[in-house]
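Hello,

Here is the structure for you to look through, with notes on what was found in it. Please read the notes with the structure open.

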Amino acid sequence: MIAEARGGEAAKAAEAAEAAEAAEAVDRLPVARPAQVRRAWVRLVRIDGRAFAGVLALNGLAAAAGLAAPWLLGRIVDEVRAGAGLATVDRLALAILVCALAQIVLSRYAGLAGHRFGERTLARIREEFADRALALPATTVERAGTGDLITRGTTDVAAVGATLRDAGPMMAIAAVQAGFVLTAVFVLSLLLGACGLAGLAGIWFATRWYLRRAVTAYLAEGRANAALAEELAATTSGARTVAALRLEHRRLSACRRAIEECRRTRVRTLFLRSVLFPVVDVSYAIPVAGVLLLGGVLMTLGTVTLGTVTLGTVTLGTVTLGTVVAAALYLRQLSAPLNTILENLELLQSSSASFARVEGLAQAPRGGPAGAAPEPVDDRIEVRGASYAYDGGPDVLHGVDLRVRPGERLAIVGPSGAGKTTLGRLLAGMDAPRTGEVTVGGVPVAGLDPDRLRERVMLVTQEHHVFLGTVRDNLAIAAPGATDAELRAALSTVGADWAVDLDTHLGPGGHRPDGAQAQQLALARVVLADPHTLILDEATALLDPRTARHTERALAAVLAGRTVIAIAHRLQTARDADRVAVMRDGRLTELGTHEELVAAGGAYAALWHSWHGGPASGTTR
């Protein structure tokens with residue numbers, strides 16, 4: 001329903017409320033805490049533990065092969081200083097070549113194994129996300145906003161995938177190489193190793209400074225992106241309404257605010273990177289320079305043997321020219337894996353924040369847990385003293401009492417804003433009443449497992465979705481085992497004569513169904529699902545009156561013996577019903593047959609005469 005805002009103050013208040021609601025929505029779906037994220041990563045690694053161990057082993061072998069070249073080059077320097085001939089140099093050079101080739105081959109297979117591990121793990125993350133998203137109650141998705149859920153399922157999952165597929169394996173290789181290189185420097189000389197490690201202190205402090213701020217900054221950027229996606233989706237889907245009510249300025253203002261928040265959060269993450277990377281670049285040269293200077297000093301101070309430094313009775317170690325060269329080359333070689341780690345550190349932090357949002361879906365509220373509620377004894381629906389309020393606002397339903405007999409056709413009518421749709425949502429289990437209860441077969445509807453609930457009660461509104469694929473794909477969602485004859489029969493029941501070929505592709509590049517055709521597909525799915533209770537909330541509103549009447553009668557014939565609750569503005573639907581419930585201001589004011597309510601001369605009679613333009617026995621529309 002569209003409520004008219006009166007005056008400039010009302011418009012400003014509505015705009016402020018809209019902005020506050022959008023800002024609130026992005027936080028309604030939870031975000032996993034760091035401990036939960038760590039447990040999730042460990043769980044995913046354990047599932048494919050053998051492959052992960054293989055990735056680490058190949059990376060370790062590749063890193064070990066890469067250590068040989070600097071050490072062998074140092075040996076060449078020392079052998080040449082000792083007077084060795086060309087044959088010795090050739091032999092050591094050949095060893096360097098063999099080790100380099102071995103490193104290339106091992107690195108390739110390590111990367112391949114890492115990519116395979118990452119793709120399998122990403123597939124599990126996608127499947128878990130889809131399962132969790134489909135298990136969310138519809139009301140949770142509605143209140144959180146589709147923008148947040150879509151961003152988590154696309155941008156966030158893609159960021160996690162990039163880490164698993166590319167950054168993860170590269171960082172694993174780089175981390176192993178860096179560890180081996182540092183170990184090799186310390187094996188050559190404790191003093192030179194300590195000097196090199198001290199020279200890397202700048203990277204350590206800059207990285208810690210970055211990590212303390214990065215996750216928070218990237219989470220804020222993710223929330224801003226979700227809010228922007230929500231604003232754009234809402235503006236796009238409601239473009240005609242926006243244009244009709246001349247709300248372009250308000251919507252543009254809301255989008256500009258969301259864009260500005262995105263810009264602000266991205267500038268924050270850019271600032272963090274602009275501090276980290278310059279410090280890192282400078283820090284690469286410091287250890288190499290330090291080792292060369294210290295090596296020169298140690299060799300200059302040598303008193304007993306060239307390069308052996310003794311202070312009193314403590315010998316600090318033997319330092320030859322080859323040792324200094326090898327240590328310097330190792331530290332120079334260290335810049336490559338460190339650079340890889342730091343270059344991917346941004347992606348790692350971003351993907352960690354993304355994975356926290358993806359994994360946070362596991363903490364989102366679910367429908368009733370499977371097996372928690374007893375089995376309904378029958379299909380009798382009862383509403384006792386039900387009141388309901390949206391998000392802590394004032395009640396929109398007030399103490400509604402209603403009993404719907406199995407197999408009954410009940411029409412719910414009333415003016416706009418009377419609470420008809422809200423009552424339909426309670427009957428369908430999408431929301432739970434604030435006070436009172438709504439039961440099916442003596443069991444609270446909202447407490448049923450979603451699968452068990454949909455076997456009992458199904459809600460069909462005028463908002464329908466057409467999935468990419470064929471007509472058959474769209475119908476098979478409701479009845480995977482249905483034959484082509486059954487699918488065609490369901491389409492014929494709802495008057496979908498346009499869908500003659502079940503293999504017709506729907507969507508871009510194929511047939512683009514309009515609103516009425518999308519409704520027919522949705523109603524055909526209802527026929528195939530064959531629920532015990534069907535709630536129609538203006539489900540035929542987009543069809544022309546003649547087609548709507550035909551479809552309603554066909555559904556009534558197909559669903560004979562089933563309970564049908566129709567929320568309608570077309571009062572002809574009420575006339576065909578067994579009973580009519582009249583809602584006004586959130587209260588059930590009248591209940592009875594069409595003839596009884598017309599004869600009573602109350603609110604329903606006034607609605608009937610206003611709609612029909614004559615006595616109840618007159619010509620129908």
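Both faces of β11 are covered: Thr533, Ile535 and Asp537 lie on one side, Leu534 and Leu536 on the other, and all of them are buried. Buried means under 20% relative accessible area, while exposed means over 50% and partly exposed is in between, with a 1.4 Å probe and protein chains only. Because five of the five residues of β11 are buried, the strand is largely enclosed by the rest of the structure.

Before going further, note that this is a predicted model, in which local features need pLDDT of at least 70, side-chain atom pairs count only at pLDDT 80 or more, and totals for chains, interfaces and linings use all residues. Residues are numbered from 1 along each chain as its sequence is written, and side-chain values use heavy atoms, with hydrogens and water left out.

The whole chain

The chain has 20 helices and 14 strands; these are DSSP runs numbered from the N terminus, helices being H or I with at least four residues and strands being E with at least two. Of its 621 residues, 44% count as buried. Among contacts (heavy atoms within 4.5 Å) between residues at least 6 apart in sequence, 77% join residues at least 24 apart.

The six-stranded sheet

Which strands make up the open sheet of six? The order is β8-β11-β12-β5-β13-β14, and the pairing is mixed; two strands pair if DSSP finds at least two bridges between them. β8 (457-461) and β14 (587-592) stand at the edges with a single partner strand each, so one side of each has no neighbour in the sheet. On average, neighbouring strands here are turned by 15° against each other, direction ignored.

β11 (residues 533-537) pairs with β12 (residues 563-567) in the parallel sense over five bridges. In β12, Ala566 is the bridge partner of Leu536, and Ile565 is that of Ile535. β8 and β11 also pair in the parallel sense, over five bridges, and Val457 stands opposite Thr533 in β11.

Helix α16

Helix α16 (residues 515-529) packs on this sheet and touches β8 and β11; its direction makes about 170° with that of β8. Such angles run from 0 to 180 degrees between N-to-C directions, with axes fitted to C-alpha atoms, for helices over the stretch in contact. Twelve of the 15 residues of α16 are buried, including Leu521, Val526 and Leu528. From first C-alpha to last, α16 reaches 21 Å, close to the 21 Å expected at 1.5 Å a residue; the expected span is 1.5 Å times one less than the number of residues.

What caps the N-terminal end of α16? Asp514 does, with a side-chain oxygen 2.8 Å from the backbone nitrogen of Gln517. After α16 comes Asp530, whose phi is positive, near 55°.

The four-stranded sheet

A second open sheet has the order β4-β3-β6-β7, with antiparallel pairing. Its edge strands are β4 (395-404) and β7 (443-444), each of which pairs on one side only. Two bridges join β6 (residues 435-440) to β7, and Val440 stands opposite Val443 in β7. Helix α12 (residues 420-427) packs on this sheet, touching β3 (381-389), β4 and β6, and its direction makes about 55° with that of β4.

One more residue

Ala184 lies in helix α6 (residues 146-188) and counts as buried at 12% relative accessibility. Ala184 and Ala64 are 120 residues apart in sequence and 9.8 Å apart in space, C-alpha to C-alpha.

Regards

Key. A polar contact is a pair of N or O atoms within 3.5 Å; within protein, one must be able to donate a hydrogen and the other to accept it, and residues adjacent in sequence count only if both atoms are side-chain atoms.
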